[in-house]
Amino acid sequence: MSASQDSIATPAGARLLVVDDDPTTLTLLQQVLQGDGYNVAVASSGEDALLHFQAGLPDLVLLDVMMPGIDGYTTCERMRQLDPHHDVAIVMLTGADDFDAIDRAFAARATDFITKPFQWRLLLQRVRYALRTGRANRELRLIRTRQAAARRLARLIFFHYQLDDDALVWSDTNLPLVDASVSAPAHFYQLVELVPTSDRQRVDAAIRRARVYGEPLDIEVPIAVTGQQFLFRLVGQLGHIGSDQRVLSGALQDITVQRRNEQIVAAARAPHEDNTGDNAT
């Protein structure tokens, strides 16, 4: 099959682990996959497969369901314990009409399944799709890791407040504080409770106007936690998900250090500006 005929190119150098206790099936799978350009390692049992897996994560595992010793389901579950981010695609080999086996395969957190007897062209296509899924999972995890790092550097978290069911969801579990670890509030009223009494009415009124009247939300919010004072900027905008679900989306950013630095700069400039004024007169 040429590259021009195949909608999904074989990933160059992709490492596959094939696991089956039947020597004939194992040899056929190895030959077909190697012929399609893959680097193929083989294992004849779940125990042997786990040793291979621990020695170095492959890009994909083809895993038979029925094997002596630990079966394919248990092997898959243990592989997922070693690979909690699902970086490795795991494709289980099941009987053609064994729907229970298919359900159990997905319950064991397999990526996909292929039924026996094999249609070799279909098998190669499913392998390619599974490899692409695994690669997409890795890329998505990397993007999320970078985004989380950027949020930490900016001391920023995002929120979505679904007005119809009163659900407040944050992008991170903790408030973006510099020197403290405090859980993000489950509701806006809990956020308001962290505000000093003298500012609560102002903050609560701004949130209410955004929720009820759709006014843009952009206020500075002082918060007292863990015996320390912080200053946040709270911004948000009312919108819709779909045709009718209303959501207030925005961000909360710790600007304590930023304001402190601005005050230091302003204080340093003040004597210079006064001298300049005196010389002018």
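**View 1. Helix α1 passes helix α5 in a right-handed crossing.** A crossing counts as right-handed if the near helix is turned clockwise from the far one by less than a right angle, and as left-handed if anticlockwise. The model is predicted, so that local features need pLDDT of at least 70 and side-chain atom pairs pLDDT 80 or more, whereas totals for chains, interfaces and linings use all residues. Residues are numbered from 1 along each chain as its sequence is written, and side-chain values use heavy atoms, without hydrogens and water. Helices (H or I, at least four residues) and strands (E, at least two) are DSSP runs, numbered from the N terminus.

**View 2. Helix α1 packs against α5 (residues 120-154) at an angle of about 65°, with the axes 11 Å apart.** This makes α1 roughly perpendicular to α5, a term for angles of 65 to 115 degrees. Axes are lines fitted to C-alpha atoms, for helices over the stretch in contact, and angles run from 0 to 180 degrees between N-to-C directions. From α1, L28, L29, V32 and L33 meet W120, L123, L124 and V127 of α5, contact meaning heavy atoms within 4.5 Å.

**View 3. Five strands form an open, parallel sheet in the order β2-β1-β3-β4-β5.** At its edges lie β2 (39-43) and β5 (112-116), each of which pairs on one side only; two strands pair if DSSP finds at least two bridges between them.

**View 4. Strand β1 (residues 15-19) pairs with β2 in the parallel sense over five bridges.** V19 has A43 in β2 as its bridge partner. Helix α2 (residues 46-55) packs on the sheet, where α2 touches β1, β2 and β3, and the direction of α2 makes about 140° with that of β2.

Definitions and conventions: Angles under 35 degrees count as roughly parallel, over 145 as roughly antiparallel, 65 to 115 as roughly perpendicular and the rest as oblique.
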